[in-house]
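Please take a moment with the sequence and the fold shown here before reading on. The paragraphs that follow begin at a single side chain and then widen to the sheets, the domains and a few backbone details.

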Amino acid sequence: MTEYTFFNRDLSWLSFNERVLMEAENEQVPLLERIRFLSIYSSNLDEFYRVRMPVLMAIDNFDDSTGLNNNYYKAQFLINQQQQRFGHLLANQLLPALKAKDIHWLYNEPVPESITDELSRIFFNKVLAYIRLFSVAKDEDGFFAENNRLYQAVILSDAAGIERLELITIPSDVLPRLYAVNKQGEKYVVFLDDVIRNNLNYLFPAEEIKGVFNIKITRNAEMNIKEEIEDLDEDITIALEKELKKRDLGTATRFLCQPGIPLRHLYKIIYALNLANSSVVEGGYYHNMKDLSNFPLQETGLNYPKWPALPNLLLKKEDTLFEQIFKRDLMVHVPYQNYDPILRFFNEAANDSFTEEIYVTLYRVADNSRIVNALMTAAKNGKKVAVMVELKARFDEANNIKWASRMKAAGVKIIYSNKELKVHAKVALVKRTVRNQSHYLGLLATGNLNESTARFYTDHILLTANQAMLEELKQLFGFLSKKKKKPQLEDAINFEHLLVAQFNLQQRFLALIDREISNAKKGLSSGIVIKMNNLEERVLISKLYEASSAGIKIQLIVRSVCCLIPGIEGQSENITVKRIVDKYLEHGRIFLFHNNGEKELYMGSADWMNRNIYGRIEVCFPIYDQELKIRLIEILNLQLNDTVQAVELNNELQNNYCAGEHKIRSQQAIYSFLEETTAHTIEHNAS
């Protein structure tokens, strides 16, 4: 077997986060959007320390002979480099640029006397109720530094000159992190940290404050549901709720501290909070910079211009969405187009007199989900509603438990996935019976059924009445209801249309690539274009390398992790990898195979990662409607030709901006393209 080379997954992920940082550095991006990209970068890095760094640390501690532990040090080196860029950008570009716009963001500088009274008002009226004190010297029982919570370490001295150390909570989990203060025409932005710092004399009236330092602890966020837990709904829910309570108590992976804290006090904190095995990182003066996403001043002209979501369906009063779906396949491209047809799909199902059954998979839902409310209404209206709820959707577990409980109380049949097999598919099925004839309507998507994220995730949602495809979807829901770990012989489903992980997805993708290889060897035209979020799985990557060696041009758009190395002679010289970061988060997965001119196009929920291929139920689906296929290919081409927001990865994981004769910003071009086609689509659907 040919030996191929691969990027390390974690280093590739850090390369993606660098791309986010590059957007914050981009002077062509509106000022407040650059601050938002700093927030995204910081949030991503927090997740890396909560999820990926514990793995690297474990490898480092477990085996020094494999060489894998070097990735821990490489990751630390890259993070340190990026953090230095972060600090330089903030101090030398963004803060001066805000000041030039008459916005004075107080960043590690004294609070002007003119606003101290206002900060005291905020402290006493809004903040003080949430303050908690902890004396390190007393080693109080019950104190535990929570995951990603902020604290201030206050060094105090009594009249005899004896020092002690106090920790104070910074309650950014329940209060705004930044406050806007207007005083005599001057605009100030102040951290919650400094609101507290400026009023410490109230908390410690009899002692001298010798120093105040911000700190933060990041902990391992992985959860472990014990193997012995039975696959009973109640047992899984109880076990998961217990694990959620322990999430903030995980092993510390990073202790982030403000520069300048005296070593004797630093060691006191490390000892008191059991942080000896964490990475001690001297960071900036403020932490949890993900909170910058809620910058309190939104000045005109400092954000991206708004792109109002386009209408994509205009129905006459007497028409229904279901009738339109029966006429032809429909597709919604969010966030460019509005989400109304998706909400209407579930609303009609809930109240349609012909609808008998509704089946849905839910992975991440909105906090106040109208889709879930429609499903509860459907159950109350006497329809059979079955919902597969994925309780193990990372960081959404509590929200999913909440909604599952409410749906169950409303009469919805709740199905939880097996603890070893996540259900990541984004699908829904409606069974209707008209004049004793049953038929199906279906929804298949590349992203979650979530009206909140649909405002800034680029996804594609197919509404179809293709009965052959939906019959396969019905059989898949039948399998999911059995809650098995893996399909057995008796679970065999002959999927001819759908590509379903655990059944045929990997094999079908390999076969599609093999067909391109065969065509190339015969001298027929060939080519592959794939857009996804992550590319890691080695069997599929190796097949792409094989296709490249056969002379096939392969164009990849991979937003985040990419373990495939492009541009290596004899391995991947015919493969290019682009990465797009812009106003919206690129999220849709699209797979296009040239097929000697008879192009085949698939979409779906599956990235090519180990977890998607081997540990999840994923669904990819074909696009049969020629007009929809042409539209999607045009969208792909616009992204492949992006010369503004796209970068190309080289064989060292470096992000290099794409050059081109014409300036093409693909997201803006896609919006304009869909705006031009909207009128035609509406007219066609209404005719």
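**From one arginine to the whole fold**

Arginine 616 has its place in strand β25, which covers residues 616-617. The model is a predicted one, and in it arginine 616 has a relative accessible area of 7%, so this residue is classed as buried. Leaving aside residues up to four places away in sequence, arginine 616 touches Tyr363, Leu421, Lys422, His424, Ala501, Gln502 and Arg611. With one of these, histidine 424, the side chain of arginine 616 makes a polar contact of 3.5 Å.

The protein chain is divided into domain 1 (1-101), domain 2 (103-222 + 235-295), domain 3 (323-491) and domain 4 (500-686). Between the C-alpha centres of domain 1 and domain 3 there is a separation of 36 Å.

The sheets come next. Nine strands make up an open sheet with mixed pairing, in the order β18-β26-β24-β23-β19-β20-β21-β27-β28. Its edge strands are β18 (499-500) and β28 (655-657), each of which pairs on one side only. Within this sheet, strand β23 (residues 589-593) and strand β24 (residues 600-604) pair in the antiparallel sense over five bridges, and arginine 589 stands opposite glycine 604 in β24. Helix α1, formed by residues 9-25, lies across β21 (575-580), β27 (646-649) and β28, and runs at about 35° to β28.

Another open sheet has six strands in the order β2-β4-β3-β7-β8-β9, again with mixed pairing. Here the edge strands are β2 (133-135) and β9 (279-282), and each pairs on one side only. On average, and with direction ignored, neighbouring strands of this sheet are turned by 25° against each other. Strand β2 pairs with strand β4 (residues 163-170) in the antiparallel sense over three bridges, and leucine 133 stands opposite isoleucine 168 in β4. Helix α8 (residues 263-272) lies across β3 (150-157), β4, β7 (208-219), β8 (252-257) and β9, with a direction at about 60° to β4.

The cysteines deserve a separate look. How many disulfides does a search of the whole structure find? The search finds zero disulfides. For cysteine 562, the closest cysteine sulfur is that of cysteine 563, and because the two sulfurs are 7.0 Å apart, they are too far from each other for a bond. Cysteine 562 has 0% relative accessibility and therefore counts as buried, and cysteine 257, with a relative accessible area of 2%, is buried as well.

The peptide bond from valine 334 to proline 335 is cis, with omega near 0°, and proline 335 is found in the loop between β10 (330-334) and α10 (340-351). Arginine 435, in the loop between β15 (427-434) and β16 (437-445), has a positive phi near 50° although it is a residue other than glycine. Asparagine 595, in the loop between β23 and β24, likewise is not a glycine and has a positive phi of about 55°.

Key: Residues numbered from 1 in each chain as written. Predicted model: local features only at pLDDT ≥ 70, side-chain atom pairs only at ≥ 80, totals over all residues. Heavy atoms only, no water. Pairing = 2+ DSSP bridges. Helix = DSSP H or I, 4+ residues; strand = E, 2+ residues; numbered from the N terminus. Contact = heavy atoms within 4.5 Å. Axes fitted to C-alpha atoms, helices over the stretch in contact; angles between N-to-C directions. Domains from an automatic or database assignment. Buried < 20%, exposed > 50% of the residue type's maximum accessible area, 1.4 Å probe, protein only. Polar contact = N/O pair within 3.5 Å; in protein donor to acceptor, adjacent residues only side chain to side chain. Disulfide = S-S within 2.5 Å.
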